[in-house]
Amino acid sequence: MDTTDHTIDKAYSYRDIERKWYAYWKENGLFHSEPDRRTPYSIVIPPPNITGALHMGHALNNTLQDILVRYKKMQGFNVVWIPGTDHAGIAAQNVVERQLAQEGLSRFKLGREKFVERVWEWKKKSGDAIVHQLMRLGVACDWTRQRFTMDEGLSAAVKEVFVRLYNEGLIYRGEYMINWCPRCLTALSDLEVEHRDEDGKLYFILYPYPDLKGGITVATTRPETMLGDTAVAVHPDDQRYREAIGKTVVLPIADRQIPIVSDPAVKVDFGTGAVKITPSHDFNDFEISKRHSLALIQVIERSGRMTAGAGKYQGMDRYRAREAIVERLQKLGLLVRVEDYRLSAGRCYRCSTVTEPMV
Ligand SMILES: [Zn+2]
């Protein structure tokens, strides 16, 4: 007579069942495979960022991958699912910086070496938690092939791919405008910049013709960038400036001559309809500069201070420089008027500093 107890628990006991079988699968190498004559089927996990723990979205996408690899395996394919984690550069750095802030530290106080050490410590902690979570999910990953995006092997692969794409003419290196946080000293993606309307001023400045008989009045919310102007632009259909296109004006303070160009991107109803073009510090101006082959002059550096290109304003904070330049324009009699103006300011989502467009 069979005396074994065949009753099944009323409730599913994941504690007993899942841990036991996952350990069995792993110990017996059931997720491991080597190339052979079977048709291969492989998935590289979209590596989770080491910025914390996994969430519901990971539970879903890893379940889907798990279903696929197990299904293909049953169909006779030679299956491998390669797990790994992603270093998530700036996002991971931000997590560690927030921890440091709680200890009254910063990455600058700590120094590069110690900071990098802290990031690696965090990588170990978060990476381990993620791997543990994936295992608890029961994923059929080949853990003998686990990778990290900053592994030497993966770094070499990235280099190899980029060099190949470059050699095939599919990618190129060029100048590109990005959002820059002068406090975090890092580039921000468009999603990391918060735009809101704020009170500002619109400054109307006269750029005289070389013979000093009149000139063109431009309107700008950022007079400090004028030292980097390389053109004045008007709309091609704007009758007011028909005669001016092709002429030059003298850029006040900087005492350089710059051309007046026509471009359809200029808004006729903004200010006077004539705008200063600062390709190094404005997204639209950068685009316009490419169409007219205008020079790029950087006048604000990464810390938000003025560069050597700003002449005697070098080293000044960008807002201090604004005051000084407006004062100077006033003395020269070139500040036509100042109006209150609602402007859209971009701020860093981490520290709320006004971002700087930077090439
Ligand atoms: Zn910031």
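## Sheet and cores

Asn179 lies opposite Leu188 of β6. The model is a predicted one, in which local features need pLDDT of at least 70, side-chain atom pairs count only at pLDDT 80 or more, and totals for chains, interfaces and linings use all residues. Numbering starts from 1 along each chain as its sequence is written.

Strand β5 (residues 178–181) is joined to β6 by three bridges, and the two run antiparallel. Strands here are DSSP E runs of at least two residues, helices are H or I runs of at least four, and both are numbered from the N terminus; two strands pair if DSSP finds at least two bridges between them. The open sheet has three strands in the order β6-β5-β14, with antiparallel pairing. β6 and β14 are at the edges with a single partner strand each, so one side of each has no neighbour in the sheet.

A nonpolar core is a set of buried Ala, Val, Leu, Ile, Met, Phe, Trp, Tyr and Cys residues joined through C-beta atoms within 7 Å. Buried means that 20 or more other C-beta atoms, placed from the backbone, lie within 10 Å of the residue's own.

| Core | Size | Residues include |
|---|---|---|
| Largest | 30 residues | Tyr207, Ile216, Val218 |
| Second, separate | 12 residues | Ile50, Trp81, Ile130, Ala140 |

Beyond its neighbours within four places in sequence, Ile216 is in contact (C-beta atoms, placed from the backbone, within 7 Å) with Tyr207, Val232, Ala244, Val249, Ile260 and Ala274.

How values were computed
Contact = placed C-beta atoms within 7 Å.
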